[in-house]
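Biologist: I would like to learn how to read the contacts in a structure. Please start with the general idea and then turn to the case.

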Amino acid sequence: MNIERFKTLETPFYYYDKGVLNDTIAAIKSEMSKHDGYHLHYAIKANANIEVLKVIQQAGLGVDAVSGGEIKQALEAGFDAGKIVYAGVGKADWEINLGLNAGIFCFNVESLEELRIINELAAAKNKVARVCFRINPNVGAHTHANITTGLAENKFGIAMEDMELAIREAEELSNIEFLGLHFHIGSQILEMDDFAALADRINALQDRLESQGIKIRVINVGGGLGIAYDDPDGKPIPDFESYFDTYASNLKQRPGQEVHFELGRAVVGQMGSLITRVLYVKHAHIKQFAIVDAGMSDLIRPALYGAHHEIQNLTSEETREVYDVVGPICESSDVFGKDEKLNACHRGDLIAIRSAGAYGEIMACQYNCRRLPKAYMF
Ligand SMILES: *Cc1c(COP(=O)(O)O)cnc(C)c1O
């Protein structure tokens with residue numbers, strides 16, 4: 001990290017390490033190239049910063065969008081509409097029309113009700129919408145309860161028992177072209193067994209469909225690969241080799257069949273740090289607080305998910321002391337870390353909150369009438 005350059009910038013800001021992003025993308029491409037028919041759509045909701053998107057676009061990856069705004073942002077960054085997939089349980093008419101006009105690769109459809117509206121809107125434009133059905137595989141993932149998505153109790157997708165019904169209806173609708181199946185079981189998943197369980201489930205579903213003469217051209221397994229929040233320096237690049245190998249050895253890919261992936265966090269998480277300055281070191285009776293100028297409005301993951309990011313004092317080499325690192329916002333949950341061991345802090349020190357490239361800047365808000373954080377990539 002270029003600390004001298006950081007000192008010239010107003011805090012708080014996101015710093016995106018271009019080298020880490022490039023190395024991450026190179027690792028993805030090299031692992032994917034070992035397998036035939038693998039395609040990656042970067043899940044743009046993790047980070048939609050235009051400079052970041054341009055790097056990903058130039059690497060030839062596609063985009064997974066979950067809103068019309070994200071489709072617009074992807075097109076703005078230069079992504080080919082033919083590489084955009086679009087999921088979401090509540091697609092509004094304008095968003096569907098936007099996708100139809102752009103000619104996106106595929107709508108990942110989450111209900112029969114939605115399918116019929118897409119057909120109507122496509123018919124009005126004399127277009128054919130390509131669709132995959134998002135199937136809820138009822139596969140759990142070992143991750144935070146708020147970020148599992150593949151259980152029967154979650155709002156996402158179509159139940160497995162309704163799959164044939166949906167496909168039969170799609171085949172009868174004249175402005176729909178059925179491509180295949182889509183899944184996404186959750187986020188920050190580090191146990192490869194969870195992905196293997198999904199692959200097993202997909203194999204069974206595919207056997208069942210084939211026995212009824214239904215052919216699947218595309219299988220989209222979603223995203224969810226996690227990153228090492230506790231070791232951003234030791235493990236800057238996620239384990240893409242195990243990830244893709246898990247699918248290659250467990251998923252029974254048919255000849256000519258495409259397998260699509262939608263990674264978000266794993267692509268951009270480790271390149272980012274939130275850089276903030278210490279405003280005050282407050283010595284209270286039972287605690288010592290490092291009060292910084294970034295808050296939960298800039299990075300909400302600790303407050304929202306109880307997530308922990310590594311925190312480092314970039315400008316002190318003094319003996320470590322224990323601090324609660326907190327922001328200025330009027331909420332008790334505005335805490336980045338409790339009992340953090342940091343090199344002794346003083347007013348003006350620069351603090352890095354690491355692994356903040358995914359679900360950081362994009363989730364920032366203006367609560368307390370704060371400014372949105374800036375972002376720099378170098
Ligand atoms: C959020 C999301 C992803 C990406 O999840 P990550 O955990 O960031 O990889 C992929 N697909 C869908 C449908 C999503 O909603």
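Modeller: A polar contact is a pair of N or O atoms within 3.5 Å; within protein, one must be able to donate a hydrogen and the other to accept it, and residues adjacent in sequence count only if both atoms are side-chain atoms. Here, a polar side-chain atom of D64 is 3.2 Å from a nitrogen atom of the ligand. This is a predicted model, where local features need pLDDT of at least 70, side-chain atom pairs count only at pLDDT 80 or more, and totals for chains, interfaces and linings use all residues. Residues are numbered from 1 along each chain as its sequence is written, and side-chain values use heavy atoms, leaving out hydrogens and water.

Biologist: Which backbone atom lies 2.8 Å from an oxygen atom of the ligand?

Modeller: A backbone N or O atom of G224 does. A polar backbone atom of G264 is 3.0 Å from an oxygen atom of the ligand.

Biologist: How much of the ligand does the protein bury?

Modeller: Accessible areas come from the Shrake-Rupley method with a 1.4 Å probe; for residues, only the protein chains shown count as cover. The ligand taken alone exposes 390 Å², and 94% of that is buried by the protein.

Biologist: How many aromatic pairs are found?

Modeller: Rings of Phe, Tyr and Trp (its six-membered ring) pair if their centres lie within 6.5 Å; planes under 30 degrees apart count as stacked, over 60 as edge-to-face and the rest as tilted. The whole structure has 17 such pairs. F6 and F13 are edge-to-face, because their ring centres are 5.6 Å apart and their planes are at 70°. Y247 and F261 are also edge-to-face, with centres 5.5 Å apart and planes at 75°.
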